[in-house]
Amino acid sequence: MTARPHLFALAAIVVAGLLAAFGVRSAVVLDLVFTLLLYAVLGQSWNWISGYAGNISFGHAIFFGCGAYASALCVTHGLSPWLAIPAGALAAALLALVTGFPTLGLRGHYFSIATIAVAALVEVFVRTSPVLGKANGFELPIASGWAAMQFPQKGPYVVLALALFAGVQLATIALERSRLGYYLRALRANHAAAASVGIDERRYKLIAFAWSATMASAAGVLYAQYTLFVDPPSTIALAVSIDIALIGVVGGIGTLWGPLAGALVYVVLAKAVALRLGGSGKGYDLVIYGAIICVIAAVRPYGIVGTIVDALRRRRGATVAAAASTAAMLLLLASPAVPARAAGVPIDTALASRIFAERQAACDRDRARLWGVSLCGPLLFVDPVTRAVVANRDSASLHGVTRGGVVVGTLPASILPANTALALDGERWSMVMWPLPDEPIARGILVAHESWHRIQDAIGLPASNPSNDHLDSADGRYWLQLEWRALARAVIATGAPRRAAVADALDFRAKRVRLFDGAAGTENALLLNEGLAEDTGVALTTQPRDRAARAVEAIASGRRRASFVRSFAYATGPGYGALLDTAAPGWRRRLNARSDLAAILAAAYHVRADAARAPVRAASYDDGSLRVSEDARAAATAARLTEYRARFVDGPVLRIPLRGSSYSFDPNGVTPFPGSGTVYEGYAATGWFGKLDAPNGALVTKDFSAVVVSAPPDRTTMQTATWKLTLGAGCTLLPDARAGDFTVGCEIPK
Amino acid sequence: MLVVRGLAKRFGSVRALDGVDLDVAQGSLTGLIGPNGAGKSTAFACIAGAEKPSAGSVRFRGEEIAGLAYHRVAALGIGRTYQIVQTFADMTVLEATTTGALLHHPRLADAIAHAEEVLAFVGLADMRYRLGRALTIADKKRLEMARALATEPGLLLLDEVMAGLTPAEARDAVDLLRRILARGVTVLMVEHVMEVLMPIAEHVVVIAAGKTIFSGTAADAVRDAGVVEAYLGSPLEHGEIAGHST
């Protein structure tokens with residue numbers, strides 16, 4: 001039997017994995033790939049002793065734990081986690097030899113029972129050992145880089161897991177082609193016949209057990225560096241051992257690709273259950289898994305890969321199994337994006353735990369210097385679809401359980417998921433919607449931003465959200481963008497050029513707010529709220545030398561927004577902050593709810609804003625194209641609003657009350673329609689009436705009570721050029737109050 | 001080559017063996033016969049190391065091996081087959097034979113080459129990719145012989161290799177035995193079918209009730225009163241022994 005098809009398959013998987021590690025940005029997908037590879041390694045480790053050698057182990061997690069705890073002990077004692085690989089391997093191999101010597105000769109379930117007993121003893125030992133952190137385990141200190149085996153992104157973890165997986169698979173290919181491999185299979189098939197050809201059972205099984213333990217330990221080292229949290233339930237508990245055994249059995253015991261197939265089934269199942277049932281689906285995956293095990297045990301004792309191999313004869317079967325595994329892996333890489341958008345993303349507790357730790361590290365660096373109080377406090381991440389919550393502490397109404405150092409619970413029905421601060425059981429919390437940005441700086445800014453909202457009342461800067469609709473007008477947009485250009489120039493300049501650019505920015509602002517009544521106050525109020533929050537996010541997360549670049553980036557991303565009405569404060573805040581930090585250190589601590597940020601900036605740079613100078617200075621920032629493009633935009637908006645008015649207001653129209661229907665839309669095609677509501681492109685709604693698809697746009701009324709599209713010619717038309725309606729059972733189109741208008745009525749209100 | 005003296009084995013209060021003496025000369029084919037329950041298979045197990053004798057001596061090539069671990073005895077050069085075949089069910093014929101060959105050829109490629117040679121020798125080369133469990137009884141027995149021969153034993157213990165074979169298969173088996181002897185392998189075989197044993201066994205040892213009761217040529221054995229009595233309690237009719245199998 002040639003190894004070549006296996007090596008090709010492995011190479012294909014490594015290439016696919018590397019493409020994922022470097023090409024995929026989604027943390028969710030990379031987490032899946034990492035988990036898949038880690039489970040495949042654990043399954044293969046189990047497969048050596050339980051598959052090839054036939055001694056079914058239900059205590060394999062203790063070897064995984066050797067690596068995880070070695071990792072934790074190394075880094076908490078200031079040693080390199082790379083040292084944990086040999087140290088954990090040595091500990092695991094010794095543990096395997098000591099426990100295997102008296103037990104490996106036991107037949108059938110006696111060995112399995114012995115492994116459970118040994119694992120229980122190990123768990124009791126760990127839970128009572130102060131050196132091993134007792135039941136609490138370890139939180140690993142945050143670090144970054146290859147030397148520390150820790151990375152802010154998941155790509156490098158996938159590379160490491162891929163390397164480990166490839167190593168383990170190569171070792172297994174070699175095993176299948178070695179005396180050890182033949183002897184293990186012979187011992188599994190018939191130990192007496194094996195002895196009759198000179199095979200020393202204890203010797204070869206101990207060798208296999210030690211190698212098996214070593215592999216599991218290596219996976220444990222990587223796991224600890226990935227989750228940065230090690231405790232008994234997540235590493236050495238019986239449940240982990242059973243998961244490992246399930247993966248081995250489902251994939252096919254004693255087959256090269258069985259563990260990968262088993263891990264694939266396991267990961268896909270866990271993900272599917274989490275997607276379908278969300279946080280409430282705890283345990284269902286195990287029920288389904290158990291059912292699969294029963295079926296496999298009853299009809300296909302050699303598992304998935306064993307069945308394929310049997311069906312296609314041994315030689316070609318290996319090729320097919322390898323190809324199938326590769327294809328399945330590629331499919332997995334391609335698939336998660338779609339359901340994830342439709343059904344929400346299950347919160348990865350390991351990643352959540354990492355983000356909590358990142359924020360704590362930022363607070364530790366800050367030591368309350370920015371605002372006089374710590375920004376760190378209760379923080380929760382919420383999946384907006386399933387309302388699943390992962391929090392850094394428990395609160396009565398979350399009904400949480402602690403898992404891996406974080407609290408997993410559900411958001412109370414009365415609270416709308418959003419990025420904001422809120423009161424929960426009498427305490428102020430920060431809430432951030434999952435998934436968070438993959439990019440660690442953007443993520444840090446978002447988390448710190450919402451952390452500031454939590455403390456803003458306490459520091460006398462309560463939230464204020466006045467409307468700034470004037471920033472949607474051509475003049476408002478024109479002068480705002482000039483202010484941004486001057487602000488960006490000021491942030492990256494120093495000395496006199498900076499001071500001149502600050503003066504220009506303040507002039508443009510003065511010109512703008514003079515054009516609109518009350519604009520000075522409403523802009524300042526939003527800047528004191530979202531502007532300070534965003535600036536705090538940048539100041540807390542960004543290195544001082546990167547502040548200017550981040551401030552410019554904030555302006556650039558604000559400029560790309562379709563509307564500046566709210567986003568101007570997010571874009572401007574970091575620029576003001578960066579300028580004030582150099583010219584007026586400690587400025588934040590002197591703020592109150594009536595502070596005028598523009599005046600503070602003017603004072604700090606000893607300039608006086610003068611609206612009259614603005615038109616002259618504009619020439620330095622605008623070659624005329626900005627005015628042209630803003631005028632064109634204003635004309636296009638006016639034309640669109642006219643068209644919208646004809647379609648959605650003047651009528652005739654089809655108006656469907658939403659009554660809690662869910663809907664989706666293209667976030668890049670949202671147009672405020674003053675006085676009537678908002679027009680959404682790519683709109684689709686599903687609810688009591690059936691289903692409405694309006695790719696060319698639909699109006700949702702101001703109070704979000706109804707959706708409006710142009711009326712059909714008669715009651716029986718269910719599709720026009722701009723929309724398609726699929727009515728639910730018992731529903732028909734009914735004439736509405738105005739002639740030619742329609743609405744939907746159903747016999748049995750749902 | 002093999003000298004057994006006073007071999008005894010007790011299972012609790014049952015004396016399965018109670019003084020078996022046995023000599024196997026280098027290069028010979030020696031038959032071990034006896035009625036059902038005489039202790040033939042137990043004697044085999046004690047010689048091969050699968051069971052530890054309660055008393056007595058087993059010397060192989062001058063070395064005491066009684067009580068050694070099973071795999072050590074195999075490593076010293078005693079191969080065996082089983083009365084009830086013990087194949088490696090989910091291994092192919094080639095893999096199972098290779099497993100035997102690995103004893104003296106640690107490199108897999110060498111072991112496979114040797115196994116191929118042994119399979120050609122026993123006539124299983126065409127079935128090398130069949131699974132052990134998919135073979136006929138006769139082929140399973142041949143596979144067991146191949147597996148044992150692959151360990152390059154000095155002494156081969158064959159436990160009822162003829163049992164359950166058709167006359168044609170039995171003739172093939174006898175032919176194979178002659179060729180095994182021609183390779184220089186010494187053979188000790190337990191057999192019930194005297195008819196096939198008689199023309200090939202130079203020497204026959206008969207045990208009954210755990211004791212050696214006869215040692216000599218096969219022709220002398222069927223005329224020996226003690227042997228006849230042990231079998232049937234009366235003069236033996238040729239066909240009755242010949243047709244018997246377990």
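The model is a predicted one, in which local features need pLDDT of at least 70 and side-chain atom pairs count only at pLDDT 80 or more, while totals for chains, interfaces and linings use all residues. Residues are numbered from 1 along each chain as its sequence is written, and chains are lettered from A and ligands numbered from 1 in the order in which they are written.

Chain A contains 26 helices and 19 strands, taken as DSSP runs numbered from the N terminus (helices are H or I, at least four residues; strands are E, at least two). Of its 750 residues, 48% count as buried; a residue is buried if 20 or more other C-beta atoms, placed from the backbone, lie within 10 Å of its own, exposed if 12 or fewer, and partly exposed in between. Contacts are defined by C-beta atoms, placed from the backbone, that lie within 7 Å. Among contacts in chain A between residues at least 6 apart in sequence, 70% join residues at least 24 apart.

We may turn next to the interior. A nonpolar core is a set of buried Ala, Val, Leu, Ile, Met, Phe, Trp, Tyr and Cys residues joined through C-beta atoms within 7 Å. The largest such core has 267 residues, and A:A161 and A:A219 have the most contacts inside it. Helix α2 of chain A (residues 27–52) provides the largest share of this core, 18 residues. Leaving aside residues up to four places away in sequence, A:A219 touches A:L38, A:V41, A:L42, A:S45, A:F64, A:G67 and A:L164. A second, separate core of 23 residues includes A:Y680, A:Y683, A:V709 and A:A711.

Where the two chains meet, 17 residues of chain A are in contact with 22 residues of chain B. On the chain A side, α7 (179–189) and α8 (191–196) each supply at least two residues, and α7(A) gives the most, with six. The chain A residues here divide into nine nonpolar, four polar and four charged; Ala, Val, Leu, Ile, Met, Phe, Trp, Tyr, Cys and Pro count as nonpolar, Asp, Glu, Lys and Arg as charged, and the others, Gly among them, as polar.

Within chain B, helices α4 (residues 108–122) and α5 (residues 137–150) pack at an angle of about 140°, with their axes 9 Å apart. This makes α4(B) oblique to α5(B). Axes are lines fitted to C-alpha atoms, for helices over the stretch in contact, and angles run from 0 to 180 degrees between N-to-C directions; those under 35 degrees count as roughly parallel, over 145 as roughly antiparallel, 65 to 115 as roughly perpendicular and the rest as oblique. From α4(B), the contact draws on B:H114, B:A115, B:V118, B:L119 and B:V122, and from α5(B) on B:R142, B:M145, B:A146, B:L149 and B:A150. By class, these are eight nonpolar, one polar and one charged residues.

Finally, some loops of chain A deserve a look. A cis peptide bond, with omega about 0°, joins A:W434 and A:P435, and A:P435 is found in the loop between β8 (427–433) and α18 (440–455). A:R387, a residue other than glycine, has a positive phi near 65°; A:R387 sits in the loop between β3 (379–382) and β4 (388–391) and is partly exposed, with 18 other C-beta atoms within 10 Å. A:H399 also has a positive phi, of about 50°, although it is not a glycine. A:H399 lies in the loop between β4 and β5 (401–403) and, with 14 C-beta neighbours inside 10 Å, counts as partly exposed.
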